[in-house]
Amino acid sequence: MKILIVDDDRINSTILNRLLSREGHQVLSAGDGLAGVEMFASERPELVLMDIRMPLMNGYEAAKEIKRISSDRFVPVIFLTAVTDEEGLVQCIESGGDDFLTKPFNRTILQAKIEAMERIRRLHTELHSQKEQLEQHQERVQQELDISQHLFTNIVRAGSLLDAPCLRHMSVPMSQFNGDLLVASYNPAGGLHIMLGDFTGHGLSAAVGAMPLSEIFYGMTAQGYSIGDIAEEMNAKLLDIMPTRMFCAACLLEVDFRQQSLMVWNGGLPDLLLVDGQGQLQQRIPSNHLPMGIQSFTPDDRKVGIFELRNKTRIYLYSDGLTEATRSDHEMFGYERLERHFDGTIPPDKLFDTILAALEHFRGDAQQTDDISFLEIDCAKAGEELVGDRFSQARKTIPPTNWSLSFFFSPQLLQTVDPLPAIINSVMNLQSPIGHRERIYTILAELFSNALDHGLLGLDTRIKRTPEGFVRYYALREDRLAALDRGFIRLDLTHTPQFDDKQQKIGGEMHIRMEDGGPGFDHRHVHSALEGNTSHGSRGIALVRSLCTKLAYNEPGNCAEVVYRWTI
Amino acid sequence: MSGTISIARADQETTISIKGRFNFEMHSQFRAAYQEETVDKNRSRRFIIDLTGTEYIDSSALGMLLLLREEAGTNEADIEIANARPEIRKILETANFQRLFKIT
C-alpha cells in the first residue's frame, strides 16, 4: 500500500517509515501540512498518517483539505497524536480523520489499524464501483426504454386513423408502455376497422405483443380482409408467441357508414354499448368469443355479429381498466356508474367528456392500477372523413364490368385446405364494391359452410345449442370430413354491370350459385333452428336472406341461388 | 395486497380455495398449490377452484387458470370453477371461460 506520512518530527517520521517499509508498504514523507497536501495531490497515496501540530498548515486543516480533494474515493486519514484529551480527539474526527494513533507507537496496534483501514477502503472502492455500474445500467435501460417507446409508438400508430373526426379516444397507460392496443384504419371497401386489445398484465411484456397485432391489423385491413379473418390471424400469431398465461382480450369492429351497419368480433372485452340520438342506451353487444391467444379458432370463432346503425348512433368501447378503476377505499368505478350516464339526461355530444370527468372525479388521487382505454364512435360525423383526401386515397374503385368464375372442390381438397379465403380473395381482387365486401364475404362464407356442413357432412346445427354439443359438433365435423369420399362443392359466380336510363353504370349484380353433391338438406329447418340461437350457431341462411336481394334453394336442397345487387 | 390460498386434497380431487384478491401476486402460490398433482401426467385428477371468498379477479388470474388447464392436460383437464360471486362470474363469462372450464 502507498502510505503518506505527514509529520514535522523527523525522528518520528523515520521510525514510522522503517516500520512500514519493513511491512512492504511504499512510504512517502512530508514535513508539514502544506507539503503533505501537495504530495497527496501528486502522489495519490491510499492512506495518510497525519501529525497534528505542524508549521505552515496544521494536521486538522491538512486532513480537511485532503478529504475535500479526494471526495470521489475513500482515503483513510489516521491522526498521530500525543493528545489524549477528548476535545482533541473530537477535533480529529471533525476534521475528517478516520482513526487516531497515540504516541509512542506500538507496532502491533499500528499494523492492526492499517489493516482495518485497508479493509474499509476496499469495501468502499467496491461499493463505489457497484454504484457506478448500477447508475450506468439504469441510464442504459432508460435510454433503451425511451427508444423502444419511440419505435413502439410509431409501429403501433403507423397510419392509424385515430384522429378521424368520428372518433374520440382516451388511452392512459399505467407505466411507460401501454398494454392496451387501440388502432383504427379504413379498409379498401371504405369500412372503418377499429380494434381495442387488452393484454394480460401491463408494461413492456404486454406492449411487445401489441406490435405484431398492429402490423396484422394494418396489413390485413389494407388488403381487404374481414375482421373475422384478421381476428383469426391475430389469434394464430399470439398462440405462437405468447406463454400460456398471457392472452389478449380484444374487440374488432367494422363500421360501414354507407350501409349503416356495424360488424363486431368481441373476444373478452366488456360489452360494446350502442347509444341512440337521445343519449340512451340502445343495445349492448357482449363478448361471445374467447380472448385471443388461448386456443385455435374453430369456424365459429371467426363469426362476426352484424348490427344496424342509425345516423345518430354512438358506439362506446372500453377496456376493463375503466370499470375497474379504483379509488382509495378500494371501491371500483363499475358498470353501473358508467352506464348511468346513458339515461338520456346528458346531451350525446357531452357524453364522452362527462364520463371522463366522472372517472377523474371518482378516482381522485388514487394510484392507477391498470391501463385504461375508452373510445367513442360518432356515426353522425362519419361522413366528414369520407370527403377527406386520405379517404379518397385509401380506396380504389373498379368500375362494374362483366366477369364470371367457377370453382370446383373435390372431397380430397376439402379435407386438406379451407378454400374459402381463396374464393373470397379471387372475388375481392376482381370487384370490390365499396361497402359491400363484408356482405359478399358473409354470403359466400355462409353458403359455403352450409354446403359443406349440412350438404356434404349432414350435420345438424341443433347439436350446437349446448356448450357440450358445441364441442361435439366440431368433433363430429372433423370425423365426417376425414371420412368424406363422395360429393363435391361447386360455385359459379357471375357479375354483370347495371345501368340506369341513360346507360350510365350504376352498380352491379352478382349471381351466386353454390351446389353441393350431397342428398340435399332441409334449409327451412336450418333457418328456423338457428333463429332462436345466436350465441353458438350461425344465423346462417336467415342472415344471408337479410343481406341479399333473392335467395332460393332447389328441391331437394343441394343447390342455393343468390342474387346480390350493389350500387356505386 | 393479495389473497390467501388454502388447499384440500381428497382421493381424486383437489380443492383450491382463494380468499381475497386473486391477482398476479398469487402466481407462485397458486402454481405451488396444484403443481404436485400435475407432475404425473397419467394420473387423472379433478380440480375444484373454490371462489367463495374471492373478492376480485384480474386477467393475470385468468392466465393462471389457463396455465393450470394446460398442465392438467388441456382438453382432458377436469377443472371446475365454483361459487364465484356475480361480478366475478361476469368476468369469467366475458372471457367465455365456460368453454374451457365447468363454471358452477
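**Reading a helix and its strands**

Q: Which exposed residues sit on the face of α1(A) turned away from its buried side?

A: That face carries R10(A), I11(A), R18(A), S21(A) and R22(A). A residue counts as buried when 20 or more other C-beta atoms lie within 10 Å of its own, as exposed when there are 12 or fewer, and as partly exposed in between, with C-beta atoms placed from the backbone. The model is predicted: local features need pLDDT of at least 70, side-chain atom pairs count only at pLDDT 80 or more, and totals for chains, interfaces and linings use all residues. Residues are numbered from 1 along each chain as its sequence is written, while chains are lettered from A and ligands numbered from 1 in the order in which they are written.

Q: Which residues of α1(A) are buried?

A: They are S13(A), L16(A) and L20(A). Looking down the axis of α1(A), the buried residues fall within an arc of 70°, so they line one face of the helix. The arc is taken over the directions from the helix axis to the C-beta atoms.

Q: What covers the buried residues of α1(A)?

A: Contact means C-beta atoms, placed from the backbone, within 7 Å. Here the cover includes β1 (2-6), β2 (26-30) and β3 (47-51) of chain A. Helices (H or I, at least four residues) and strands (E, at least two) are DSSP runs, numbered from the N terminus.

Q: What span should the 13 residues of α1(A) have?

A: The expected span is 1.5 Å times one less than the number of residues. For α1(A), residues 10-22, that gives 18 Å, and the end C-alpha atoms are 18 Å apart, which agrees. Just after α1(A), G24(A) takes a positive phi of about 95°.

Q: Why is β10(A) called largely enclosed?

A: Six of the seven residues of β10(A), residues 261-267, are buried, so the rest of the structure largely encloses this strand.

Q: In which sense do β9(A) and β10(A) pair?

A: Strands pair if DSSP finds at least two bridges between them. β9(A), residues 248-256, and β10(A) pair in the antiparallel sense over seven bridges, and S261(A) in β10(A) is the bridge partner of D256(A). β10(A) also pairs antiparallel with β13(A), residues 305-308, over four bridges; there I306(A) partners M263(A).

Q: What is the order of the open sheet of five strands?

A: The order is β16-β17-β18-β20-β19 in chain A, with antiparallel pairing. β16 (403-409) and β19 (550-553) of chain A are the edge strands, each pairing on one side only. β19(A) and β20(A), residues 559-567, share four antiparallel bridges, with V563(A) in β20(A) the bridge partner of K550(A).

Conventions: Two residues are in contact if their C-beta atoms, placed from the backbone, lie within 7 Å.
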